[in-house]
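Dear colleague,

Here is the structure you are taking over. Please look through it first; my notes on what was found follow below.

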Amino acid sequence: MRKTLKISAMLSILGASLLLPSCELNETIYSSIYTEDFYKTAADAEKGLVAVYGALGGLGGAPALTLVADFSDDQTYPRGVVGRNTLTMFTYDVNYTTQKSNSRVNESPQQIWQSCYSGIEKANWVIAKVPGATMDEPRKKQIMGEAYFLRAFYHWLLTKNFGDVPVKITPSYTEEEALTAKSPKADVYKQIYLDLDQATSAGLPSFPAVAKGRASHEAALSLYAKAALYNEDWATALAKAKLVIASNKHALLPNVWDVYRYDNEDAARLENIFAYEVDPVTPGLSHQLVGLCGPPGSAGPEYARTSFGSMFAYQSFFNSFDPKDKRRTLLDTNYMDKAGKVVPQKSITPITTEGVLIKKYQDPVSTIGLIPNIPILRMPDVYLIAAEAEARQNGATAAAYEYINVVRQRAGLPILKVGLTKDAFIEAVLQERAWEFFAEGDRWYDLTRTGKFLTVIPKAVNSVYPVRNVTAKNRYFPIPQDEINANAKIEQNPDWK
C-alpha cells in the first residue's frame, strides 16, 4: 500500500492493555477523531479505510502473520535466539514472558491479538460511519466491502490462533463498550460469513483492476472458501472456491519461481490473490523474512544485502520432496558466497550441519525496506481447498483429482495416482499443501485444524531441536494475560488456566 494514515485512536482496548493511574483524574473530552467531525467526506472515508489496512503492518512487520505458525510447524524452525525457540519447543506461557523480555512481542501470538483487534475496531468505525458520508455511492459501497473483508480476515486470524474469541462488530464510544466477552468459535464463524456476504456483494473490483494491496472480489471469495474449510463447512468451501476458479481472473504462473521473484511482483499478481503488500520506501511497510532466511553474516548476496541465518527448513522436510518437484528449488542445501565460492551444507550455519535455506523471500537489491510481498491467498490454495472440500463430501472423485492435479502439474509432478480412498486422497491434499505453502504461515493451521499436530510435530526434530513436547493445549495459543487483566469479561482458554 502506498498510503499511510496516522490517526489518533480513541479506543483500541481489545488490542492493548490499559494502564490506569492510582489517583482519580477528571477530564473533559472536547473532541475525538471518531465523532461526527470525521467520516463526512470521500477523503475521510478513504483515510479511515487505509487505517483498517494499517493493522496489517503490525501483523506483517515481524511478521507474526507467518512466524507464529512457521516456528511451530514441521517444516521450518528458528535459530534459538530472542525467544523464537519457545514457539518451536512449546514453552511459551500466558504472559509471553520470553518474548517480552527479548522485545519480540511483535513475533508472538500477542501481536496477532493486538493487531487484529486494532484493525477490527477501525473497521467498525468505517462500517458505522461511512454510510453517512457524502461521496460517490458505488465507491462508498466498495469501501464498506473492503472493511467487511478485513474485519472477517482479522476475526478469522484470531479464531484459528485462539479458538473462542470476542466478536466485536460495533465501534467503542466508551471504554465499557470496548470490553467484550468471548464468543464460541461457531459464532465467530457466523460473523465471518456475514461479513464476507457483505464483502462479496459490495461490487469490489477484480484483478487486474484492483489497486495493489487491496481486497478484490476474488479475494473475498477466496477467504470465504478458506474460512469455510476451517469451519468444516465443505459445501460452502467448495462453492466459493469454484466461483473463484470459474471467474478466470487468477491462474497459476507457469514457473513457480516467478511467484517469488523480487523483480516479478506485478506479474505474480495473476497468482497472488491477496498479500501483505510491501512498499520499499520510507515510511512504508517491510518485514524481516528476507534477513531471517538468508545465511548468517550477510554471506549470500543472492539472498539479501543483510541476512542473519535465523530461519531454516528441516532436512526431513527437504527430503520429503520428489527430486523432480520444482518447488524443492525454493530450498537449498548450499549457497554461493560473495567470492563466487559454493558454501556446502555443513557450513551453512554453525548450529547444525543440516541447515536448509529458504529461498522464497530473496531480495538481493533493497537497502531501504524490502521488496517481496508475503502471500496470504494464492490461486493454488483455491484449487487445493476445492480438492479437499470435494473429497470430504464425495470422496476421491474425478473433480477432486482435477483440482489437485492443477497444482501438481505446475510443480512438474505426474498426476496423482488414481484409485485412492477418501482418507488417502485427503492426506495427499494435505501433503500437497505442505509442499506448496511452506514458510507462508499455513502448515501449522493445517495440522491443528485436522488434529494431526500431536502425531506429526514430535517427529519433526533435528540436532537443534531433538525433542519437541507438543501437547493438546497447544492446539490454540493462550490469550495474552495482559488482555485478560484489562478485560474482566475475558476468560483464559480452558487448557491454559
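A residue counts as buried when its relative accessible area is under 20%. By that cut-off, strand 4, residues 272-276, is mostly covered, with 5 of its 5 residues buried. Please keep in mind that this is a predicted model.

Strand 4 pairs with strand 10, which spans residues 374-378; the two run antiparallel and are joined by 4 bridges. Tyr276 has Ile374 of strand 10 as its bridge partner, and Ala275 is bridged to Pro375 in strand 10. Strand 10 is mostly covered as well, and 5 of its 5 residues are buried.

The other finding concerns two helices. A pair of packed helices is described by the angle between the axes and by the distance between them. For helix 9 (residues 217-230) and helix 13 (residues 379-394), the axes come within 10 Å and cross at roughly 40 degrees. Because of that angle, helix 9 is oblique to helix 13. The crossing of helix 9 past helix 13 is left-handed.

On the helix 9 side, the contact is made by Ser222, Ala225, Lys226 and Leu229. Helix 13 contributes Asp381, Val382, Ile385, Glu388 and Ala389. What is the make-up of the contact of helix 9 with helix 13 in nonpolar, polar and charged residues? The residues there divide into 5 nonpolar, 1 polar and 3 charged.

That is the handover.

Regards

Key. Residues numbered from 1 in each chain as written. Predicted model: local features only at pLDDT ≥ 70, side-chain atom pairs only at ≥ 80, totals over all residues. Heavy atoms only, no water. Axes fitted to C-alpha atoms, helices over the stretch in contact; angles between N-to-C directions. Parallel < 35°, antiparallel > 145°, perpendicular 65-115°, else oblique. Left-handed = near helix turned anticlockwise from the far one by under 90°. Contact = heavy atoms within 4.5 Å. Nonpolar A, V, L, I, M, F, W, Y, C, P; charged D, E, K, R; others polar. Buried < 20%, exposed > 50% of the residue type's maximum accessible area, 1.4 Å probe, protein only. Pairing = 2+ DSSP bridges.
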